[in-house]
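Here are my notes on this model, as numbered points. Keep the structure open beside them while you read.

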Amino acid sequence: MAETMQSLDQLSALKPAAPEAPKYVQKLDKQGRAYATGKRKDAVARVWIKPGAGKIVVNERPVETYFARPVLRMLIQQPIAAANRQDQYDVVCTVSGGGLSGQAGAVRHGISKALTNFEPDLRSVLKRGGFLTRDSRVVERKKYGRAKARRSFQFSKR
């Protein structure tokens, strides 16, 4: 049968060691690119990054043409700026669904995940900035008997 413990030191010796933090490894395809999928609202972005001059192409168009509003371009650049990797990676992405704002958020999420696949050391920086978290807010569905999701039809006493 099991031995009885005489002191706390013996008890701590029995306790298994704490599990180590998971090691993140670089994930590249045959062309040396890192791939990730980003999502926001109804938009889904497939993103590939590779070392390059910092060129961003969205749906086979330059980012300046696809996202004309400067705010959306700034949103896409945020994870690259937080990682301090401007003009070091070329980004190619295809994005579908949703509107421009959701698509920009999806591209940002995809770039962040692809950066962690290319350089696992950047994970802590991007996680701290909140770039790796998928923004789960989506449009609420319309309910029957209502004008919109929550808006009622106008009430009249007569």
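1. Start with helix 4, residues 100-118, which lies across strand 1, strand 2 and strand 5. The helix runs at about 150° to strand 1. Such angles run from 0 to 180 degrees between N-to-C directions, with axes fitted to C-alpha atoms, for helices over the stretch in contact. Helices (H or I, at least four residues) and strands (E, at least two) are DSSP runs, numbered from the N terminus.

2. A word on the source. This is a predicted model, where local features need pLDDT of at least 70 and side-chain atom pairs count only at pLDDT 80 or more, while totals for chains, interfaces and linings use all residues. Residues are numbered from 1 along each chain as its sequence is written, and side-chain values use heavy atoms, leaving out hydrogens and water.

3. Back to helix 4. Its 19 residues reach 26 Å from first C-alpha to last, close to the 27 Å expected at 1.5 Å a residue. The expected span is 1.5 Å times one less than the number of residues. Of the 19 residues, 15 are buried, and helix 4 is mostly covered. Buried means under 20% relative accessible area, exposed over 50%, and partly exposed in between (1.4 Å probe, protein chains only).

4. Five strands form an open sheet in the order 1-2-5-3-4, with mixed pairing. Strand 1 (34-40) and strand 4 (61-62) are the edge strands, each pairing on one side only. Two strands pair if DSSP finds at least two bridges between them. Strand 2 (residues 43-51) and strand 5 (residues 89-96) run antiparallel, joined by eight bridges. In strand 5, Val95 is the bridge partner of Ala45.

5. Which residues touch the most other members of the largest nonpolar core? They are Ile49 and Phe67, in a core of 30 residues. Helix 4 gives the most to this core, with seven residues. A nonpolar core is a set of buried Ala, Val, Leu, Ile, Met, Phe, Trp, Tyr and Cys residues joined through side-chain atoms within 4.5 Å. Look also at the contacts of Phe67, not counting residues up to four places away in sequence: among them are Val58, Ile76, Leu100 and Val107. Contact means heavy atoms within 4.5 Å.

6. The whole structure holds three aromatic pairs. Tyr35 and Trp48 form a tilted one, 5.1 Å centre to centre with 45° between the planes. Tyr35 lies in strand 1 and Trp48 in strand 2, so this pair ties together parts 13 residues apart in sequence. Tyr89 and Phe118 form an edge-to-face pair, 5.1 Å centre to centre with 75° between the planes. This pair links strand 5, through Tyr89, to helix 4, through Phe118, 29 residues apart. Tyr89 and Phe118 are both buried, whereas Tyr35 is partly exposed at 34%. Rings of Phe, Tyr and Trp (its six-membered ring) pair if their centres lie within 6.5 Å; planes under 30 degrees apart count as stacked, over 60 as edge-to-face and the rest as tilted.

7. Check two loop residues. Glu60 is not a glycine, yet has a positive phi of about 65°. Glu60 sits in the loop between strand 3 and strand 4 and is exposed, at 78%. Asn84 is not a glycine, yet has a positive phi of about 60°. Asn84 sits in the loop between helix 3 and strand 5 and is exposed, at 54%.
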